[in-house]
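Reader: I would like a close look at a single part of this protein, taken slowly and with its surroundings in view. Please start from the structure itself.

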Amino acid sequence: MKHETKVLVIGGGMTGLCAAYYLARQVGEEALMLIEAEPAVGGTSRTDYEDGFTCEWGPNGFLDKEPLTLRWAEDLGITTEIQRSDEASAHRFLYRNGRLHEIKGPPAFFFSPLLSRRARARLLCEPFVRGKRDDSPETIWDFAARRIGREAADILVSSMVSGVYGGDAKKLSLAHCFPQMAAMEREYGSLTRALFSKKRSNKAASAAGPSGTLTSFNKGIGFLPEAAAQQLNRCIRTGVGATRVRRIKDAYEITTTTGDTIAARAVVVAVPAFTAAAMTEGLDQHLPAALKGIPYAGLSVICAGYRRDDVGHDLDGFGFLAPRTEDLRALGCIWTSTIFPGRAPVDWVMLRVMYGGSTDPDAVTLDDSELVACLEKDIHPLLDICRRPEFLRVYRHKRGIPQYHLGHGVRLKSIEAAEAHNPGLVFAGNAYRGVSLNDCVVSAHRAVEKVMKAIEPS
Ligand SMILES: Cc1cc2nc3c(=O)[nH]c(=O)nc-3n(C[C@H](O)[C@H](O)[C@H](O)COP(=O)(O)OP(=O)(O)OC[C@H]3O[C@@H](n4cnc5c(N)ncnc54)[C@H](O)[C@@H]3O)c2cc1C
């Protein structure tokens, strides 16, 4: 069957839904269609409710620093459902030398045994380290080692990188993963000076973290895409995957897994980069290689429920990260029922533990019993847990989080060139300019702007 629409969005994850929502407001619902390959929308941002536990497939929430994300919730009329992380989650921990250390700000940090004395002394030299003189690409680890020393790079920075990206700090590009850090060095000459200056001026920074408070919804993060899908109901076709995007003069023809074709004036491709590569082959010479060149890290997410009495630790905090240089296979453990009270039944707790990432690709192939064995070895002794989890859900993301390795900038340029050669074709989502939900929302707005420029040039 042949269909026609003015604008087609391919992919119903957070990015595709956000783009579709704001496009519908501009072009009208009748001129918009969103196709999603899976039977349900949400992509990795979905939530299951079972036996009183609220389990997130992927993201826990977003930081409340991006006004566009909050505005989306407002526009959807769901701000009353917003749940901010509990104050207790301001306490964050790192695993080192067999135990958990609370991460404290200065001056307490300098007396903590988390880093060796030498490494702490090296940290104090940061304000005097000269900035980088050229603009050659640098990995996150090289930047951190240069500014704060190798040990702090391994312990403080690499663990954060594996927590956020499931990535390897020695491969990821600083400029594309943490552009704000590169900017801090450029503008202030030192991270320490930049942090002090920002602290003075940013009164909004919360105790839960310098960049905002982790925010979700009472029914979990999946509530956001569900609310958007409800409002876009008439435009969404689930169980329909795009297989090919062809340009035909000033428009596009999309073939689907259901054997249909859709003609559209503009197309937002909001699927993972490797899928986008397959469907856009033939559109532009350098595009497939650029899209295929964005690797992904796999992750296994375990939601484990325990009776409160079976856990000796007070779980008074956010959870902990484990540096890759330490002897723990888990990337980290989040104390979900502390961060968001109500996510486990009364007298129970829920932990969320992540395995895998680009330094441990085999972890996504572990079955449930192997993962429980990992929990028992890694997590139980640390949190004084005496029994196996009585509730267990595992979410495996074989290609979960895109990795912006060195060279990402060159790939982005090729993708942008392909967009410029094909007006009305836009690539959006976590593969390009940031992996967080906030970044996805920003990416969706970029897509809306580019589509509107293409279909209604001023
Ligand atoms: C384990 C994990 C934990 C995370 N934690 C956080 C967190 O706490 N905070 C945070 O901000 N971010 C977090 N992230 C990142 C964030 O979840 C993602 O970057 C974001 O959800 C990506 O949204 P997206 O719409 O770009 O892509 P996706 O969610 O991947 O959506 C793409 C959609 O396209 C569909 N699709 C694929 N192929 C086709 C096709 N051929 N035709 C049609 N549709 C297709 C897919 O089914 C999917 O629905 C986490 C990610 C993971 C994996």
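How do the residues of the shell around the ligand divide into nonpolar, polar and charged?

Author: The model is a predicted one, and in it the shell around the ligand divides into 16 nonpolar, 18 polar and two charged residues. Of the 36 residues around the ligand, those that come nearest are G11, G13, G43, P59 and G429. Two or more residues of this shell are given by each of the helices α1 (14–27) and α16 (437–455), and likewise by each of the strands β2 (32–36), β14 (296–307) and β18 (391–402).

The domain assignment gives domain 1, made of 2–41, 223–294 and 405–455, and domain 2, which covers 104–202. Taken over C-alpha atoms, the centres of domain 1 and domain 2 are separated by 35 Å. Where the two domains are in contact, domain 1 gives five residues and domain 2 gives eight residues, and the side of domain 1 that touches domain 2 has two nonpolar, three polar and no charged residues.

The axes of α4 (residues 140–148) and α5 (residues 150–165) come within 8 Å and cross at roughly 140°, which makes α4 oblique to α5, and the crossing is right-handed. In this contact, I140, W141, A144, A145 and I148 of α4 meet R150, A152, A153, V157, S158 and V161 of α5; by class, the contact has nine nonpolar, one polar and one charged residues.

How values were computed. Residues numbered from 1 in each chain as written. Predicted model: local features only at pLDDT ≥ 70, side-chain atom pairs only at ≥ 80, totals over all residues. Near = placed C-beta within 6 Å. Helix = DSSP H or I, 4+ residues; strand = E, 2+ residues; numbered from the N terminus. Nonpolar A, V, L, I, M, F, W, Y, C, P; charged D, E, K, R; others polar. Domains from an automatic or database assignment. Contact = placed C-beta atoms within 7 Å. Axes fitted to C-alpha atoms, helices over the stretch in contact; angles between N-to-C directions. Parallel < 35°, antiparallel > 145°, perpendicular 65-115°, else oblique. Left-handed = near helix turned anticlockwise from the far one by under 90°.
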